[in-house]
Every structure is written in C-alpha cells, then in structure tokens.
Amino acid sequence: MTSLTSPAARAAHPPVQRVVEVSGRRPVGAYVELTLAAPEIAERTEPGQFVAFAVGGPTSAHLLRRSIAIAGAADGAVTVMVAPHGPGSTWLAGLQVGDTVDVVGPLGRPYPMPSDGTPAVLVGGGYGAAALRGLAARLRAAGSPVIAICGAASADRLSSVDELGELAEVIVTTDDGSAGRQGRVTDAMAELLTSRAPGQVGVVYACGPMAMLRAVAEAATTAGLPSYVAVEESMACGVGVCMTCVLPVVGEDGRTRFSRSCTDGPVFGGDRVRFADVGTLPWDVVGADAMGVVAP
Amino acid sequence: MTALDTAVDMSTALGAAPIPSPVLTASGCSANGAELEPFVDLTAIGAVVTKSVQLWPRSGRPTPRMAETPSGMLNSIGLQGPGIDGLLADDLPWLADRGVRAFVSIAGTRVEDFAALAERLRGVPGVLGLEVNISCPNVESRGEVFACDPVAASDVVSAVRAVADPAQPVYAKLSPDVTDIVGVARAVSAAGADGLSMINTLLGLVIDPDTMRPVLGGVTGGLSGPAIRPVALRCVWQVHQAMPEVPILGMGGIRSGLDALQFVLAGASAVSVGTAVFNDPSAVARVHDELAVALAERGFASLRDAVGYAHR
C-alpha cells in the first residue's frame, strides 16, 4: 500500500513541568474552558499538542495524569477544554481562577503542515474541535482556505464553533438536530468531498472520538486525500514512559508497531492507524511472534 | 545540587557498585530513561533501571493495558520492548553517552534466556549491573512464575551469576505473591544474588461494571503505586531482619522522601521510584532531595547510618 501520509515529526521543543495558576474559567455548554498562566508552555506549543495534568493535589489517590489537547496558546496562556466525566476531569473542571495545578507540556507531535495555500478540511467531534483552533489559525496564516466541520451528539456538546468561525467556513452537525444539521460529521464531510471539484480539498485534519476519527480517515483515504488525526487514547503518564496508550500504526517501512499515542502521536496519518485492529494484537505487529501470536 | 547534599552523605552502592544517590527509577516505569531527560538530571540519580528486556522484540499485549485503582494502578503491558539487540544498539549507548548509569532489567521464559541476556551485557559501557525480573512465566514449568518457586528462582539467578560480568552486581527482583518471601530471598541469595529488589507488582483484577468484563486486555494485571507500599515495606522488613547483610533495593509505592525513608529504615540501602513517575515525571530527583532533608532533620550524617535503623 502506498501511503498518503508521512508520520508526524517530533515537536521542536521538549516539554516542561510547571505548577501554574488558573487565570480564566468559562463554562461552555457541557464543558469548562480553562485558561492557565503558563508562558513557558504557551511559547513552545504547536497545534495538535496536548498537556497532562496531575489531578487532586499532591496527596491525591488518583495518580494518573489526565491528558487534554491544547485549544489555544497565546500571550503566555494555555487554554484547554475540559469535559468532566470521571473523578479526575471533574476535579479539573472544578478548578477556579487563582487555583494552581501541576501541568506537563506541550506534549506529543504536532499536526504536519501542508504546502502553503493547500485547502484544508478540519473535522472536530465534541470537545475535540477545540484542538483544531490553533491549527486553523496557522493554516490561514499560510494561505490555506479552511473549512471546519464541528459535530457533537447535541448542541451543548459542541465546542469552539465561534472561534473556528472567525478563521474558517464552519459546518455544524448534531446527532439530535439541536444545532446545525442533523447527522454526523462524516455525512457532512462526504457531501463536501463530492460537491467540491477535485483539488478544492487538499488535506483533512481531525480530532475527536476514535469512531469518528476512523470514519473521517477512511473517507479521506477513499477520496485519495491525506488525513491527520489526533487520537484520544487513555494515557497514564503522557510523557512516553508507561506504554499504556499504544495503537497499531503502520510505519514508513510498512511494518505495524504498537506506537505510543503520547510520543509517537497523538497525531498520526489517518491511513496509518489500523483502527479496526485497536484493542487486538494482530500477528503482523512487530514483536507479536514473541507473544505467541503466529501468522494464520 | 543543593547544600543539603553536602550535609548528608547520600552515597550508597548496589552490591559492590557505588552510586552517588540511593534513588533510582523502577523497571517498567521510566521506559529506558530518555523520556525523563526534560524533567530530571539523569546523571545525578542512582541509576536508570531499564524496562525488562528479553532476547527478541516484543509487541506487548493488546489494549486496554491500564486501569486506575485507589492510590495505584493495574497494568498489563506484556513487556513491550525492542529486545536485547535494540537495547544494545540504541538505548544503552544513549545513556552511556550522557554518563547515565544503567541498571538493566532482564527477563525470559527459560533459564537459558536469562543467561544469554547476561552474557550479551558483559562489559557493556554504562551498565552498572543487572536486575533479574523473575516474575515471568516459566515455559518449562507449565507457566509457573519463577519468582514463586525458590528452586526455579535460584536456577535463574545462579545461571545469570555464572555468566554475568563479575563487575556487574546481580539483583533478583522478588514477587510479593508468595507465602514465604524470606524463603525465596534465602534461596536466591544462596544461588549468588548480590542483592534483592523488592517488590514487584501484586497480581490484581478490575472488572468494568458496565461491560461486566475484566477491564484489561490481559485480564489480570500488576498492582502498583502507594496502595502496595505497606506490603512492600513488610517484605523489606522481614528479609532484612532475616538477612541483614544482604543489600536490598526497596520499591513499592514510593512517592515522597518520607516514603523512601521508611524503606531505608526497614533495611533498603537504595530505593526505586516507579508508578509515582507517571504522576510526577521529576519524582526521582524530588524524592532524593526530600530524603536528604528527612535524614538531615533526624540527625543522620549519612544514608548508610539509617539503613535498617527501625530494627533497633
């Protein structure tokens, strides 16, 4: 198989660990947007990267870091969209202005940039759309026309529609029809790809739930377009030492490895992630033979 | 470093190999060290204990590999790694080039595997010593874990000690999942272990109440983190009491300098910080500093004076 993508390159700067102050807090539908006074992280951040929070304070019984994509990094501040669902994210969402939190970042590989002016489609699911804000700005600065598709289950689970609207043409979809068109982001994307003349879309970027990333990546690959997806895998550390966040990813040599979402990702070529094999150990993953898995 | 380091002599040793700090990483919790470079001066810590290496590259197990538990976590990684060729070609030279001491954890499923690994590591620059991960299934004994059988554990240790570089101390890493850890400790010491690493994870299980199935792809997993600290400390205490002359590298839920101090007082002459690194990537350096302060506050002139002090 010839690949449409190259693996994302490492970020230019290593991460830092800092205890930082919450400088802004804004409830946005089902989410909470936190802004952190973190100049050393902000100045290092590239679109697609994430930060990892320690939760619950220094004596917390919840030891694992919570990784969240960076929505914005400007003027010495880093912004993230927190979706409260478990004890850790609920604690983060409850932080108030003036509270402090231990954060490591920026982490992971940024979205690769296309050649200047390449028209781009950005697809964001739920709070994942927030992670595309920095990318949209950078693409526009490089002369790319940008179309953003933001989707969610319902209106309160959309994010960053206004912010992306300042940078791009935005299409909104919701499963229940409570905002935008009823349906899924992939329906809107399929329509977009068929309605535009060839060459009017040059690259696809996505961030959101795994099922959405899979559908977006498959649609892009079928259309012959390169896609880059930022995956959301549960991580214990975020910095590459725990080995829990692995996915089967095809490398440049054509061989599949269990790659860490934190340090080899979170951005992967959409045609390189073997979405159908996530959660399994396929025989052709490097080192599967040592686990006793043999070719059929 | 800080003035406190000059106040308390923090130097210690792994077997006969001296190290300037008693705080090390723990195998499987810091990959092979490079990822921690942005957060820790790796040359200042006792050593990087590398992730257990086997003879061949291993993919590890399918996901999910991790479940958070109260004050800890359950993991089922399956020893993903590059194999000894990859370690020798990439990771160990990276550490050696920077002057970082490596304590190399080796694993296998046959006695010969362990011996072959020890042979490959003879004289390798920067390799301070070997930690023998015997918490692996023994394929020649229907998958029984080496560490749970004093005879099988001794077979591995004596085979490793026989071929390992004489300058490299050999530590056996013991499992707490045994009825008599002192018995296993005596057996591996008699087989030639220069020291003991205590403890490995405890076997555990988490079931997802929604799917009503085990959370981990590997079903069971190893429990680590502060939740296991009292178990680990008890093991170190018992073994030091029985064999005070045998050096112990203590580990199991160490998160702070005061946690490390407990292990030292129980009889550990060095400690590894494992799961806490996931929470705090600079934990190894922080624990060193906090331990130095704690020793100074208690009037100890050196770390060595505090080893086993709780047994008085």
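**Exercise 1.** What covers the buried residues of helix 5 of chain B?

*Solution.* The model is predicted; local features need pLDDT of at least 70 and side-chain atom pairs pLDDT 80 or more, while totals for chains, interfaces and linings use all residues. Residues are numbered from 1 along each chain as its sequence is written, chains are lettered from A and ligands numbered from 1 in the order in which they are written, and side-chain values use heavy atoms, leaving out hydrogens and water.

Step 1. Helix 5 of chain B spans residues 181-190, and its buried residues are I181(B), V182(B), V184(B), A185(B), V188(B) and S189(B). Buried means under 20% relative accessible area, against over 50% for exposed and in between for partly exposed (1.4 Å probe, protein chains only). Helices (H or I, at least four residues) and strands (E, at least two) are DSSP runs, numbered from the N terminus.

Step 2. Viewed down the axis of helix 5 of chain B, these buried residues fall within an arc of 160°, so they line one face of the helix. The arc is taken from the directions from the helix axis to the C-beta atoms.

Step 3. The cover includes helix 4 (150-163), strand 11 (170-174), strand 12 (195-198) and helix 6 (229-242) of chain B. Contact means heavy atoms within 4.5 Å.

**Exercise 2.** Which residue takes a positive phi just after helix 5 of chain B?

*Solution.* Just after helix 5 of chain B, G192(B) has a positive phi of about 115°.

**Exercise 3.** In which order do the strands of the closed barrel of chain A run?

*Solution.* Step 1. The six strands of the barrel run 1-2-5-4-3-6, with antiparallel pairing.

Step 1. Strand 1 (residues 16-28) and strand 6 (residues 100-107) of chain A pair in the antiparallel sense over six bridges. Within strand 6 of chain A, G105(A) is the bridge partner of V16(A).

Conventions
Two strands pair if DSSP finds at least two bridges between them.
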